[in-house]
Amino acid sequence: MPKTGSHPPISPADLAILGELERKVLWLASWTIHNANHLRENVDGLKVGGHQASSASLATIMTALYFRSLRPQDRVAVKPHASPNFHAIQYLLGKQTREKLEDFRGYKGAQSYPSRTKDADDVDFSTGSVGLGVAQTLFSSLTQDYVRAHGWGLDRPEGRMVALIGDAELDEGNIFEAILEGWKQGLRNCWWIIDYNRQSLDAVVREGLWERYEQLFKNFGWDVVILKYGSLQQAAFREPGGETLRQWIDNCPNQLYSALVFQGGAAWRKRLMDEIGDQGAVTKLIEQRSDDELARLMNNLGGHDLPSIVEAFDKIDHDRPTCFIAYTVKGFGLPIAGHKDNHAGLMTPAQMETFRQAMNIRTGHEWDLFEGLRAKPEQVKAFLDKVPFASGGARRLKSPQLAVPAELAVTIQPEMSTQFGFGALLNELAREKTPLAERIVTTSPDVTVSTNLGPWVNRRGLFARENMADTFKSERIPSTFNWEFSPKGQHIELGIAEMNLFILLSALGLSHSINGERLLPIGTLYDPFIARGLDALNYACYQDARFILVATPSGLTLAPEGGAHQSIAEPLIGLAQDGLAAFEPAFVDELAAILAFSLEYIQKDGDDAASERNWLRDETGGSVYLRLSTRPVEQIKRPMTPELRQAIVDGAYWLREPGPNCQVVVAYTGAIAPEPIQAIGLMAEDRRDVGLLAVTSADRLNAGWTAALRARERGLIHARSHIERLFAELPGNCGIVSVLDGHPATLAWLGAVNGHRVRPLGVEHFGQTGSLPDLYRHYGIDANAIVAAAQAIAPGRPIRHLRALG
Ligand SMILES: Cc1ncc(C[n+]2csc(CCOP(=O)(O)OP(=O)(O)O)c2C)c(N)n1
Ligand SMILES: [Mg+2]
């Protein structure tokens, strides 16, 4: 294993400056929170918290990390509530402005939780929903390995992926799912630093948790480093009676330790004297210290002791994953330290004033970089100028976009499902040795074969850092799938945990920015299980990772599997999820057009001006969700004109143009297509000029519509969205029946575009096993139900076929 770096020992002078910077970080983070709250309280009467205690808990560790240990190539997920520290550190490094700090938690100010997309000071990984940023570091390390194994980015040094983790954060199950996956994938270059302050939001954590963590991490192949006692404590343990003190500390319950930290020196003295004061030498050890000294000694846990932390970080000269369990005090250095209610606690103005004096900060000089320091400003400046982390230039890297052909090859059979079409499209891509195909990386949580990625994997192989043969193949046992792993493979096979899928997509989808090497990630899973990883999907979108999510099968097309496998709400997720353009095609030629668009769309990073055509901000790009189906559908033989391709991508086109006296429009989405097509035939004789609208993306159609409305309200009177253009000629009294295999609200809004009556059909309740026709009938989304809805919404003479069918 290569060495990933080791330091010469820190000089006493540098250690002293680190100590100054620690004070500075503690001060600036506390002041940022206090100041913003104070301003806000005066302006709008709101106090908004800010996590002073949570942040202070990591002030020492973050000082050691950012000002010494981190290198430019390293990447960090900061514990959400330590955001003020991060902003303070970036401020000291000249990468954050005073204005943003003054607006902390305010409109467009520094963010309460570090944000890649909203913060200006180079956040590596967003955090906020606890647990997700932690796993992101693990999958980013895997992504880095993937990129380098493919021979890309080798001119850059390998980085370490570091997570700063709250101890209660480890309750989040997704972290354990990630640890297991990391073990399978041979994780390296990953540091997780646990802020073991033994406090969560509400309370004090269980005794002995660290032992569980230690065993767990060791079981999965991690090195574990425990930072328990600071150097003051270690020195005291060497004094006569020191061993007694150590035993007392080891046996002290978490709650009591926290309470004593809060109460301070006199309380420590009383408690220690009561409990061990009669045990000889230790009495002297206690008595020779003032209250302040005693408090400093007892607060000197490993996570607040720069020499111990620096030494522990410096020592790591390997790439094995390493977990540091660092004992800390929540609210360290502040008067709210240790109090179990301190999570949302704020220092009072009087406490802040005392703290200011202790920090030697003059009123009016709170933001001055070198205010209150005991070292000479030139020395501190010289130190800051040399900080390795800040010496690497821009942290956001770039990677060129890959050209995508407008037309992707695929052989369309007379009857085909979109899922089958997806497999065929990827199979065609896999055949070609193009730069585009080389950069595609697929992944799936144990549903590679059943989502039709098999043909792609057969051609492109599975990824692992080491070669692994397919024993069935070497034993000459016939199998449809070639399951061979190699460093050149282009499919990452995951265990079933969907959370891991989304966080891996998040990591792969940021590779252009993190590794300077673009990947085109495509992840597949069953549509209903999006819900299992939904917060991670949201997280990936929030930090603007780019990927294509292929969810298949979906809806009732999983009929025989029953209600546990049928997705209902997912189309609404597609509609509402920011950063994700959702499509649900019915035909494979539509899918081909959408996939070509998607491969381009996920690479875009242009300005956010809306296009005049559809009022979407297509130039900014984003991720894509394709909701596909296993239902074979009779394909339409037609040329793919540029106009049709554009309309498919914009979200809808007339499969049957409505006539001038149109009484009914049927608008449908997805593999339900044959039902509305049949229904249109059944009602044609009794309703005039019926239109059939194929909605390929309710999401984009809806987004364009609301954007055009906003634009008109701003005075751009000519703004027209795609759906408004499609509906421009519809008579006001025609009715719309909308239908999809998913929640009816997905298309119900179509009536609001021009004030048409709508009867939205869809699925609202859990299904049961059955055949597809059984369930279509059961939920009222079959042809008959569409005709019945049309009759109800567009009065006229009875529709004869309905009577015949009924
Ligand atoms: C997924 C999620 N659930 C709940 C929360 C609310 N929350 C924020 S911090 C916190 C407890 C954090 O405790 P710990 O991780 O130990 O950090 P500390 O406050 O001790 O620094 C909770 C429950 C959240 N941010 N994300
Ligand atoms: Mg905690």
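Predicted model: local features only at pLDDT ≥ 70, side-chain atom pairs only at ≥ 80, totals over all residues.
Figure 1. Leaving out residues up to four places away in sequence, W192 touches V134, T137, L138, A163, I165, I175, I179, F217, W222, T322, C323 and F324.

**Figure 2. An open, parallel sheet of 5 strands.** In what order do the strands of the sheet lie? The order is β1-β2-β3-β5-β4, and the pairing is parallel. At the edges are β1 (75–77) and β4 (223–227), each of which pairs on one side only. From one strand to the next, the twist averages 15 degrees. As a reminder, strands of a sheet pair through backbone hydrogen bonds, either parallel or antiparallel. Strands β2 (residues 161–166) and β3 (residues 190–196) are joined in the parallel sense over 6 bridges, and V162 has W191 as its bridge partner in β3.

**Figure 3. Helices α3 and α6 against the sheet.** Two helices are picked out in this view. Helix α3 (residues 59–69) lies across β1, β2, β3 and β5 (322–327), and runs at about 170 degrees to β2. Helix α6 (residues 132–149) also packs on the sheet, where it touches β1, β2 and β3. The direction of α6 makes about 165 degrees with that of β2.

Figure 4. Is β5 enclosed or open? With 6 of its 6 residues buried, β5 is largely enclosed by the rest of the structure. In a regular strand the side chains alternate between the two faces of the sheet. For β5, T322, F324 and A326 are buried on one side, and C323, I325 and Y327 are buried on the other.

**Figure 5. The magnesium site.** Which residues coordinate the magnesium ion (ligand 2)? They are D167 through OD, N197 through OD1 and Q199 through O, at 1.9 to 2.2 Å. Along the chain, these donors follow the spacing D-x29-N-x1-Q. D167 and N197 link distant parts of the chain, 30 residues apart: D167 sits in the loop between β2 and α7 (173–184), and N197 in the loop between β3 and α8 (209–219). Both are also buried, D167 at 1% relative accessibility and N197 with a relative accessible area of 4%.

**Figure 6. The crossing of helices α26 and α27.** Helix α26 (residues 588–601) packs with helix α27 (residues 642–650) at an angle of about 70 degrees, and their axes are 9 Å apart. The two helices are therefore roughly perpendicular to each other. From α26, the residues E590, A593, I594 and F597 meet R645, I648 and V649 of α27. An α-helix has 3.6 residues a turn, so residues three or four places apart point the same way.

**Figure 7. Helix α24 and its cover.** A536, L537, Y539, A540 and C541 are buried in helix α24 (residues 534–542). What covers these buried residues? The cover includes α6, α22 (498–508), β12 (548–551) and β13 (580–583). Just after α24, look for D544, which takes a positive phi of about 65 degrees.

Figure 8. C662 is found in the loop between β16 (652–656) and β17 (664–669). Is C662 buried or exposed? C662 is buried, with a relative accessible area of 1%. Setting aside neighbours within four places in sequence, C662 is in contact with R688, D689, V690, G691, L730, P731 and C734. Q603 lies 59 residues from C662 along the chain, and 41 Å separate their C-alpha atoms.

Key
Residues numbered from 1 in each chain as written. Chains lettered and ligands numbered in written order. Heavy atoms only, no water. Pairing = 2+ DSSP bridges. Helix = DSSP H or I, 4+ residues; strand = E, 2+ residues; numbered from the N terminus. Axes fitted to C-alpha atoms, helices over the stretch in contact; angles between N-to-C directions. Contact = heavy atoms within 4.5 Å. Donors = N, O, S within 2.8 Å, 3.2 Å for Na, K, Ca; no water. Buried < 20%, exposed > 50% of the residue type's maximum accessible area, 1.4 Å probe, protein only. Parallel < 35°, antiparallel > 145°, perpendicular 65-115°, else oblique.
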